[in-house]
Amino acid sequence: TASGAGACSSLAHRCHHRSTAMLDVPFLPFCAFLGTLGLLCVAMVGTWCQHWRGGFSLDGSSRTFNWHPLLMVTGLVVLYGAAALVYRVPNTWSSPKLPWKVLHGSLALGAFVLTVLGLAAVFRFHNSQGTPNMYSLHSWMGLGTVLLFSCQWALGFGVFLLPWAPTWLRALYKPIHVFFGSTILMLSVASCASGINEKLFFSLKNGTTAYKLLPAEAVFANTLGLLILIFGVLVVAALARPSWKRPDSDSPDSRQVQEALGG
């Protein structure tokens with residue numbers, strides 16, 4: 001009957017609302033967990049390079065290469081993820097937007113600097129050892145991600161931070177900037193995961209326990225790769241969550257666009 005169908009629909013709606021409420025997580029505890037996970041990833045990649053790969057140096061040896069994974073994970077994943085989440089902090093919703101823009105851009109710039117240093121480390125290692133550059137899928141994907149990141153930062157700086165960009169251009173570019181922000185993060189995660197796997201294939205062979213036998217180093221590095229993946233997925237999930245997005249009505253840029261359209 002119609003009344004029975006209505007009752008079932010109402011019950012389904014209540015069950016859906018209850019399940020959504022059960023899955024609801026406050027933003028700040030979520031960020032605290034995410035920050036802990038990010039620091040754990042950095043600590044693990046540092047431990048891997050120090051304990052199993054000989055530590056760090058600038059002499060062009062394999063110890064110079066070890067700066068590459070450490071700086072890439074720190075900059076291109078963890079610091080970049082922090083920059084992406086700046087506008088999700090509730091305090092940004094009612095406060096002036098400019099300081100948060102500067103913080104967002106500064107964190108992204110810091111991530112970019114660390115990334116460039118990480119690239120310099122791997123190129124220095126390859127050149128000193130006579131190893132060809134840019135021959136693997138990992139290297140293509142990683143360099144493509146860095147180039148896309150540099151374009152993203154430059155365009156974001158020019159459109160959102162410099163005062164002469166018109167409001168219609170900001171409104172037009174904003175969804176593009178948001179889309180490529182998440183895309184770059186996932187490309188960064190994929191590059192790091194493929195790099196970890198490639199390093200294990202190269203390192204765990206002659207004179208060591210083979211990778212296929214899953215020695216302790218392989219277990220540790222594979223776990224690191226999974227944690228990096230989880231970190232990236234959680235950041236993208238936070239960016240996509242509607243209730244954590246900065247309300248457009250509170251955005252000075254959005255108000256300007258609305259006023260221009262209304263006028």
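## Two helices and two loop residues

Reader: Before we get to the helices, where does M134 sit?
Author: This is a predicted model, and in it M134 lies in the loop between α5 (97-129) and α6.

Reader: How accessible is M134, then?
Author: M134 has 29% relative accessibility, so it counts as partly exposed. The partly exposed class sits between buried, under 20%, and exposed, over 50%.

Reader: Switching to α6 itself, how do α6 and α7 meet?
Author: Helix α6 covers residues 137-161 and helix α7 covers residues 167-203. Their axes come within 9 Å and cross at roughly 155°.

Reader: Parallel or antiparallel, and why?
Author: Angles over 145 degrees count as roughly antiparallel, and α6 and α7 are therefore roughly antiparallel to each other.

Reader: Is that crossing left-handed or right-handed?
Author: α6 and α7 make a left-handed crossing.

Reader: New topic: where's L214?
Author: L214 is in the loop between α7 and α8 (216-240).

Reader: And what's phi there, for L214?
Author: L214 is not a glycine, yet its phi is positive, about 55°.

Reader: Last one: how accessible is L214?
Author: Its relative accessibility is 48%, so L214 counts as partly exposed.

Technical notes
Residues numbered from 1 in each chain as written. Predicted model: local features only at pLDDT ≥ 70, side-chain atom pairs only at ≥ 80, totals over all residues. Heavy atoms only, no water. Axes fitted to C-alpha atoms, helices over the stretch in contact; angles between N-to-C directions. Helix = DSSP H or I, 4+ residues; strand = E, 2+ residues; numbered from the N terminus. Parallel < 35°, antiparallel > 145°, perpendicular 65-115°, else oblique. Left-handed = near helix turned anticlockwise from the far one by under 90°. Buried < 20%, exposed > 50% of the residue type's maximum accessible area, 1.4 Å probe, protein only.
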